[in-house]
Amino acid sequence: MRLHRNLVFTVIDSLEDIFNKKEYADKVVQKALKKDLRWGARDRKFVAETIYEIVRWKRLYNEIAGTKNHYSRENLWKIFAVWAVLRGIDLPDWKYFEETPVRRIKGKFDELQSNRAISQSIPDWMDDLCLKELGEKKWTAELKAQNIPASAILRVNTLRATKKQLQDLLAKDDIITKPIKGYPSALELDERKNVFVTQAFKSGMFEMQDASSQLVAEFLEIEPGMRVVDTCAGAGGKTLHIAALMENKGSIIATDIYGGKLIELKKRAKRAGAFNITTKKIESTKTIKKLYNTADRVLIDAPCSGLGVLKRNPDSKWKLQPEFIDNIKATQADILERYTKIAKVGGKVVYATCSILPSENQEQVAKFLEKNENFKLIKDKKVLASVSGYDGFYMALLERIS
């Protein structure tokens, strides 16, 4: 591979925004890809993938480069050189690479493999926490799986198209997809491409949604004609899936504390042809109380640590703090206690997170059931990236019995 100056400079600029200005990697990548409209697909792929890879392996590269967590412009070039050397890329004759110690980089890489937290590029506190909750064997496997970049997965919008119709239409744009066994609405891209410029997307035939995330709406055991409340709807990925499963029959109330996300949900719903969704911003506890005892199904896609989706959001490894996890567990318990009351007697609730920690998942559900004998656990599901190849998730189906 030959390195091109304008592409590499874009990567360095982007890393400066992420590491020093604390901007989110996905937003920085979006901005970077708009920098030069003349770039082709290969150029755009290089920029996006290189940024994400250096963010993902930040700790390891920092240790090898000896940059001591100080991300000056000069040090970012050293870290980039580590990335290139470890991938067998010949460094060009640029001043930034004049004193790159190629042999020492390779030797240091081998030397660090015995330290899991460094070799797998994760903060010590996070490694300790996950080791404690999952055990060494499971956590080691999961950590390696979370360092493999996420696959690009589509969810076919069955309100607009069948899986076969979507595959055929995308193939005309040279976008090849394959179905995934066990995921009824999922298609996996053969290679990453900009699917959002396709007519299929503009016509609302699909959404980008990880395979594990697609399991959540199905776990609700929805039927057309029901009344469903999606309590933490956000921009509506799972809400739209619920609408498709309901065949646009019945009603969905999508709530969230962030009004901006609900505005985005409305736009997506219109494109998807989902006409049975009403949005409601949570202004106070009264918003939720007014919904008590009204729903056949309730989805609680709870805020969480996000430790199941590090492969998708590698910069969250560096943004997350230990105290956040303690605080979010208290929030989860509170949400479970209050939002489950939205279900009617005989209604069902799914509590879901994109975390792999039992303390955010099984233990939260167990504590809730201890205090609320009017609910019972029907089933739960733990999804690990090391087993499925997709995001880590947890979901529990509860039934209100009185």
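Modeller: Lys367 and Glu370 are exposed, and they sit on the face of helix H18 (residues 362-371) that is turned away from its buried side. Exposed here means over 50% relative accessible area, buried means under 20%, and partly exposed is anything in between, taken with a 1.4 Å probe on protein chains only. Helices are DSSP runs of H or I with at least four residues, strands are runs of E with at least two, and both are numbered from the N terminus.

This is a predicted model, so local features need pLDDT of at least 70 and side-chain atom pairs count only at pLDDT 80 or more, while totals for chains, interfaces and linings use all residues. Residues are numbered from 1 along each chain as its sequence is written, and side-chain values use heavy atoms, with hydrogens and water left out.

Now the other side of the helix. Gln364, Val365 and Phe368 of H18 are buried. Looking down the axis of H18, these buried residues fall within an arc of 95°, so they line one face of the helix. The arc is taken from the directions that run from the helix axis to the C-beta atoms. An α-helix has 3.6 residues a turn, so residues three or four places apart point the same way.

What does the buried side of H18 pack against? Its buried residues pack against helix H17 (322-339) and the strands S9, S10 and S11. Contact means heavy atoms within 4.5 Å.

All eight of the eight residues of strand S11 (residues 393-400) are buried, so the strand is largely enclosed by the rest of the structure.

Two strands pair if DSSP finds at least two bridges between them. Strand S9 (residues 343-353) is joined to S11 by six bridges, and the two run antiparallel. Thr353 stands opposite Tyr394 in S11. Strand S10 (residues 375-383) is joined to S11 by eight bridges, again antiparallel. Here Phe375 stands opposite Arg400 of S11.
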